[in-house]
Amino acid sequence: NNAPIVVYAHGGAGYREDDRARVEMFRRNGFATISFDSYEMNGFDDWQFVTRKVTNSGKQNMIWGVFKGAVEHASKGNDWDNQNIFFYGGSNGGRVILYAGSEIENENVRGIISEAPAGSGFTLGDYDIPTIIPFGALDTWAGKSDTDYVWKRTYPNSPVSIEDWVNAQQAKGRPVEFIFYENAGHLLFEGPLELVTIRRGDAIAFTAYQGAGEGVLEQYERDVISFANNNLAE
């Protein structure tokens, strides 16, 4: 039997070590994967420049352009099971795949795994594909306080929070749910849980938790892989 295929969309810093770890998790569990660095493919080889100078929407535009082509490739390839396609993404990539749920018409998309989707950028979709949204319960990345959680945030250009979107989808009977991990922050695959201070020039931009505590990634893997396996078409 050919392996089911996962199309992966990276986060705002481009395709980094934590992205490789997410892709590798699926590979060792018997899935084929397609992943990419959309910044390099758009001519940016300095991810730090993109991180500092490009808005969430700008990053997501670059990811989206490549992601669409990757999904098309996934649906045509014969080296894997193109009747079982999954979307997976983190942070900005997580936002892109929630948008993709209704923008890409493909009846073989079986599930969407959006880890810690960005609080601003692309419009969130409206669709019937089973979706899980894993979040570190301490994720206040780029927040203004230690209770400024990513999933609760709104912005002038993104007035609907992730939480409000999930609630609205559930109210319509859509198969969408959060999974929260205690003792974890943003970028669960970045390493052990730690409080980091992000600087922009000489100023402190924000302080927040990243990484995951002991046992969290093992539980995450069990949850995500069982979600995918449970949604495979025969």
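**Notes on the predicted model**

1. Asp 18 sits in helix α1, where helices (H or I, at least four residues) and strands (E, at least two) are DSSP runs numbered from the N terminus. This is a predicted model, with pLDDT of at least 70 needed for local features and 80 or more for side-chain atom pairs, while totals for chains, interfaces and linings use all residues. Residues are numbered from 1 along each chain as its sequence is written, and side-chain values use heavy atoms, with hydrogens and water left out.

2. Staying with Asp 18: at 7% relative accessibility it counts as buried. The cut-offs are under 20% relative accessible area for buried, over 50% for exposed, and partly exposed in between, using a 1.4 Å probe and protein chains only. The Asp 18 side chain has a polar contact of 3.0 Å with the side chain of Arg 22. A polar contact here is a pair of N or O atoms within 3.5 Å; within protein, one must be able to donate a hydrogen and the other to accept it, and residues adjacent in sequence count only if both atoms are side-chain atoms. Leaving aside residues up to four places away in sequence, Asp 18 touches Leu 187, Phe 189 and Glu 190, contact being heavy atoms within 4.5 Å.

3. Leu 187 lies in the loop between β6 and β7 and has a positive phi of about 55° although it is not a glycine. At 18% relative accessibility, Leu 187 counts as buried. Asn 183 belongs to the loop between β6 and β7, and its phi is near 65°, a positive value in a residue other than glycine. Asn 183, however, is partly exposed, at a relative accessible area of 41%. I'd give both backbones a look in the viewer.

4. Next, helix α4. Gln 60 is placed in α4 (residues 56-76) and is buried, with a relative accessible area of 0%. What does the side chain of Gln 60 pair with in a polar contact? The partner is the side chain of Asn 92, at 2.7 Å. Beyond residues up to four places away in sequence, Gln 60 also touches Arg 95, Val 96, Ala 118, Ser 120, Gly 121 and Phe 122.

5. Trp 64 is another α4 residue, buried at 10% relative accessibility. With residues up to four places away set aside, its contacts are Val 96, Tyr 99, Ala 100, Glu 103, Ile 104 and Phe 122. Trp 64 and Ser 38 are 26 residues apart in sequence, with 8.4 Å between their C-alpha atoms.

6. Ala 13 is in the loop between β1 (4-9) and α1 and is partly exposed at 23%. Its C-alpha is separated by 11 Å from that of Gln 60, 47 residues apart along the chain.

7. On to the largest pocket, which holds about 1,100 Å³ of space. Of its 42 lining residues, Thr 51, Lys 59, Trp 141, Arg 200 and Phe 206 are the closest to its centre. A pocket is an open set of points on a 1 Å grid over the protein atoms alone, where a 1.4 Å probe fits and protein lies on both sides within 12 Å along at least five of seven lines; lining residues have an atom within 4 Å of a point. Points are joined across faces, edges and corners, and the volume is the space filled by probe spheres set on them. Elements that each supply at least two lining residues are α1 (17-27), α3 (47-53), α4, β7 (194-200) and β8 (203-210). The lining has 14 nonpolar, 16 polar and 12 charged residues, with Ala, Val, Leu, Ile, Met, Phe, Trp, Tyr, Cys and Pro taken as nonpolar, Asp, Glu, Lys and Arg as charged, and the others, Gly among them, as polar.

8. Finally, helix α7 (residues 216-230): its 15 residues should span 21 Å, and its end C-alpha atoms are 21 Å apart, which agrees. The expected span is 1.5 Å times one less than the number of residues. Its buried residues are Val 216, Tyr 220, Glu 221, Asp 223, Val 224, Ile 225, Phe 227 and Ala 228. Their cover includes α1, β3 (81-90), β4 (109-115), β5 (131-136) and β6 (176-181).

9. Also in α7, Glu 218 is partly exposed at 46%, whereas Asn 230 is exposed at 64%.
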